[in-house]
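Work through the exercises below with the model open beside you. Each task is followed by a worked solution.

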Amino acid sequence: DENLIYVNGMPIYRPFLILAGQQEGLSFVNPDLVDDITFSAGGWQPKYGDKLSSVLNITYKRPTKLAGSATLGLLGGTAHLENASADGKVNYMIGARHKSSRYLLNTLETQGQYLPRFTDMQLMVNINLSEDSIGGKPVSQLAAIGSYARNRYLVEPELRETRFGTINRVFRLVVDFVGRELLEYDTWQGGLQWSRRWNGILQSDFIVSGLVTREREFFEVEGGYLLCDVNTNPGSDRFNQCVVERGVGSTYDYGRNSLEATLLNAEVRNSLDWNTFNRLEFGLGVTVQDVQDLVSEFEFTDSADFVTIDRQVDNEIELQTYTVSGYVQNTTSLPNGKVLTFGSRVSYWEFGNQWLISPRLQYSFETRNWAKPIRVKMATGLYRQAPFYRELRDPEGNLQEDVRAQSSFHTIVGVDYDFKAWGRPFVLSSEV
């Protein structure tokens, strides 16, 4: 959750995932649709958003002709189709993926029925809205992206056996289960970007994007357990069997959780090439969150004729908040491949009533006089991340209003080396 993802300049959000992250089986990125990927482990430019760890900037393809692909395997399959109009004004791509991890999860310590299924569909459309062009680029373009992710995670645990202790003294915990756990996550994401070149030096991108997620977590599992000492004498007729019972009892875990959330984002990004060596970029955006969360869980233990309620939560949460952000940065291209970028982001998080300022600096140069030229890059900056809903809700289902934004200071040094192998271009990137 501390990593930024952009596809063709549009921010991509992960599902909220009420419980843990392992229920998400597919990342958003569809490799069949990708044209280019750039990644930074830190120290990225101010025009990218307010996160702590890394940025993944993905450019999807702009098809020029009819093409497609399909794969099929034991864990699922993929398919994609791309095409462009005869005049080149319209192009599109559509991709679908399906994955099942049941064969991998059957090797887990808890035996049972694992039926995870993950399905993903994505659509990308690009339209040139004008006949004219400036600098070889269309004056007006429209891009749209849409996706739907359907994650289903069904577990019917049956038996779990765990051994622990020392060589001479071994304990065994056996749990026999009844019940099931059903997790359902449906996520819709979409974005619309209108790009306009006003003249030879100024371009604006107007971006509207959003996410709607519907998540259900229903579980009701009862486990009867036995804890015992294990016979470790190989010569005994009861070798590896329970000889002394240490504890017998049962546990009961129940939950009916549901979450519905809507996230809307609107922003404008501008770039101004105000002379031959300098590009000024600036923008402003707003993000709105609306979350409706219902938490209903309880858990008890029945041991030695004593029933203990270990956990009981019954709460309904509503959250409406917004974040306003802006950035400005200047990139100066100097002789001999030297590039200097500096600027800052400023944002206001309404729920925490907190202003966040993130100054950032990047510098890179090329060693052209070396036998094998390389690019050296350095960056530093302060990065701030306002909490999303997941960080605001505690385990008891209450909103914590005193949570503050997280901060991270980055100092990055990296090297890029271009080379050719097997007749193809490669780049080796390293960052510390």
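**Exercise 1. Name the strands that each supply at least two residues of the lining of the second largest pocket, and describe that pocket.**

Solution. This is a predicted model.
- Step 1: list the strands. They are β3, β4, β17 (338-349), β18 (354-366), β19 (374-385), β20 (406-421) and β21 (424-431).
- Step 2: take the size. The second largest pocket has a volume of about 920 Å³.
- Step 3: find the centre. The lining has 34 residues, and Ser40, Gln45, Lys377, Asp416 and Glu431 are the closest to the pocket's centre.
- Step 4: sort by class. The lining holds 15 nonpolar, 13 polar and six charged residues.

**Exercise 2. Describe how β20 and β21 pair, and find the residue with a positive phi in their hairpin.**

Solution. 
- Step 1: determine the sense. β20 and β21 are antiparallel, with eight bridges.
- Step 2: check one position. Asp416 lies opposite Ser429 of β21. Asp416 is also one of the residues closest to the centre of the second largest pocket.
- Step 3: inspect the turn. Two residues lie between the strands of this hairpin, and Trp422 has a positive phi near 55°.

**Exercise 3. Give the strand order of the open sheet of four strands, then identify its edges.**

Solution. 
- Step 1: read the order. The sheet runs β2-β1-β4-β3, and its pairing is mixed.
- Step 2: look for strands that pair on one side only. These edge strands are β2 (10-11) and β3 (34-40).
- Step 3: examine a pair inside the order. β1 (residues 3-7) and β4 (residues 54-60) run parallel and are joined by five bridges.
- Step 4: pick out one bridge. Leu4 has Val55 of β4 as its partner.

Background for this exercise: strands of a sheet pair through backbone hydrogen bonds, in either a parallel or an antiparallel sense.

**Exercise 4. Characterise the largest pocket by volume, central residues and lining.**

Solution. 
- Step 1: the volume is about 1,100 Å³.
- Step 2: 44 residues line the largest pocket, and Lys137, Gln193, Ser195, Gln203 and Asp205 are the closest to its centre.
- Step 3: β13 (residues 202-230) gives the most to this lining, with five residues.
- Step 4: the lining divides into 14 nonpolar, 19 polar and eleven charged residues.

**Exercise 5. How many cavities of 30 Å³ or more does a search of the whole structure find? Describe them.**

Solution. 
- Step 1: count. The search finds two.
- Step 2: take the largest cavity. It holds about 770 Å³ of space. Its lining has 40 residues, with Leu4, Tyr13, Asp50, Lys51 and Phe388 the closest to the centre.
- Step 3: assign that lining to elements. Two or more residues come from each of β1, β14 (242-272), β15 (278-303), β16 (306-334), β17 and α2 (389-392). β15 gives the most, with six residues.
- Step 4: sort by class. The largest cavity is lined by 18 nonpolar, twelve polar and ten charged residues.
- Step 5: turn to the second largest cavity. Its volume is about 80 Å³. Of its 14 lining residues, Pro11, Ile12, Gln189, Gly190 and Gly191 lie nearest the centre.
- Step 6: assign this second lining. β2, β11, β12 (170-197) and β13 each supply at least two residues. By class there are seven nonpolar, seven polar and no charged residues.

**Exercise 6. Summarise the whole protein by secondary structure, burial and contact range.**

Solution. 
- Step 1: there are two helices and 21 strands.
- Step 2: 41% of the 432 residues count as buried.
- Step 3: take contacts between residues at least 6 apart in sequence. Of these, 64% join residues at least 24 apart.
- Step 4: along the principal axes, the C-alpha atoms fill a box of roughly 85 × 55 × 45 Å.

Notes:
Residues numbered from 1 in each chain as written. Predicted model: local features only at pLDDT ≥ 70, side-chain atom pairs only at ≥ 80, totals over all residues. Heavy atoms only, no water. Pairing = 2+ DSSP bridges. 1 Å grid on protein atoms, 1.4 Å probe; cavity = no way out; pocket = protein on both sides within 12 Å on 5 of 7 lines; lining within 4 Å. Points joined across faces, edges and corners; volume = space filled by probe spheres on them. Nonpolar A, V, L, I, M, F, W, Y, C, P; charged D, E, K, R; others polar. Buried < 20%, exposed > 50% of the residue type's maximum accessible area, 1.4 Å probe, protein only. Contact = heavy atoms within 4.5 Å.
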